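Trainee: I'd like to learn how to read a model like this one. Can we go through it feature by feature?

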Amino acid sequence: MNAMQWASGDSSVPASVCSLPCQMGERKKVVKGVPCCWHCERCEGYHYQASEFTCQLCSYEQRPDQNRTGCQPIPIIKLEWHSPWAVVPVFIAILGILATTFVVVTFVRYNDTPIVRASGREMSYVLLTGIFLCYVTTFPMIAAPGVAVCSFRRIFLGLGMCFSYAALLTKTNRIHRIFEQGKRSVAAPRFISPASQLVITFSLISVQLMGVFVWFVADPPHTVVDYGEQRTQDPENARGVLKCDISDLSLICSLGYSILLMVTCTVYAIKTRGVPETFNEAKPIGFTMYTTCIIWLAFIPIFFGTAQSAER
């Protein structure tokens, strides 16, 4: 026995086995008809080694650990303030807030001058408030999702645009009614005073606020972790996106009223495009509404076309 030599030149006796032990994260796939022999098969994808012979799928919010012997939670991410997707909008929003504040301060300072009076002080303040809210909305949209942040998102999501379009719609409607009434009689139309204009404007805005209130009651604001968008084929790159639970349908409904006001205002802007030059606000409003319609037509397909984007 001492004189026996093996082909490898090693004198030690080789192990008399059919298959070697499997590594961690590998299951034994038994060879059919030879119960003592197997092939080692690695648990792939989101599967982990549950036992010597089986791999099991991790739950939806988990991924296999490094050894694939168990599962661990998938990391949760959110939009960070230092991200380029946040820095650029915040910078633009700050510039917009400063510019809007400057205009408001200028209006207040020269509140009783003929130019400010001719511009329609009351409607101008409402319009500036809407523009200010549009810029302020940037911050709750980027802030870490929570119940309070999600509530502010719902409130401010369409409120700024509603303020702006309601003020512009009231202005264009007033101009239209003045000239339509002038074709029939010399009597002034009803509800053209500043107080009446404010009542009409805030009546339009109250519809948006009522819709948000119903939204709060029907579906209280809360956060949700979306694992579908960032659930990659490689579990190491899988991430969960923390965001407010706002569905596309809810978003469309929230912005839909602002779109309705915008379209109605555009119709009145077209009707008043031929007014005399003394009514110099009619044509700039018309130009504003035409460009706004183009922006909205571009925004809707871009936004809803990026459904798989984490930065959406």
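Mentor: Start with pLDDT, the predictor's confidence in each residue, from 0 to 100. This is a predicted model, with residues numbered from 1 along each chain as its sequence is written. Local features need pLDDT of at least 70, side-chain atom pairs count only at pLDDT 80 or more, totals for chains, interfaces and linings use all residues, and side-chain values use heavy atoms, with hydrogens and water left out.

Trainee: What is the mean pLDDT of the chain?

Mentor: The mean is 84, and 91% of the residues reach 70 or more. Where pLDDT is low, the predicted coordinates should not be read in detail. Helices (H or I, at least four residues) and strands (E, at least two) are DSSP runs, numbered from the N terminus.

Trainee: Which residues does UniProt list as "transmembrane region"?

Mentor: The unreviewed UniProt entry lists 85–111, 123–145, 191–218, 249–270 and 282–304. Such annotations may be inferred rather than shown by experiment; positions follow the numbering used here, and feature names are shortened. In the model, residues 249–270 are 100% helix, with end C-alpha atoms 30 Å apart. For residues 85–111 the span is 93% helix and the ends lie 39 Å apart.

Trainee: How many salt bridges are there?

Mentor: The rule asks for a side-chain nitrogen of Lys or Arg within 4 Å of a carboxyl oxygen of Asp or Glu. The count comes to seven. One of them pairs R27 with E41, the closest N and O atoms being 2.7 Å apart. That pair links strand 1 (residues 26–31) to strand 2 (residues 34–42), 14 residues apart in the chain. K29 also meets E41, at 3.9 Å from N to O. Shared partners join R27, K29 and E41 into one network.

Trainee: Is E41 buried, partly exposed or exposed?

Mentor: Buried means under 20% relative accessible area, exposed over 50%, and partly exposed in between (1.4 Å probe, protein chains only). E41 counts as partly exposed because its relative accessibility is 31%. K29, at 42%, is also partly exposed.

Trainee: And another pair?

Mentor: D226 in strand 8 (residues 223–226) and K243 in strand 9 (residues 240–244) are 17 residues apart. Their salt bridge has its closest N and O atoms 3.0 Å apart. D226 has 21% relative accessibility, so D226 counts as partly exposed.
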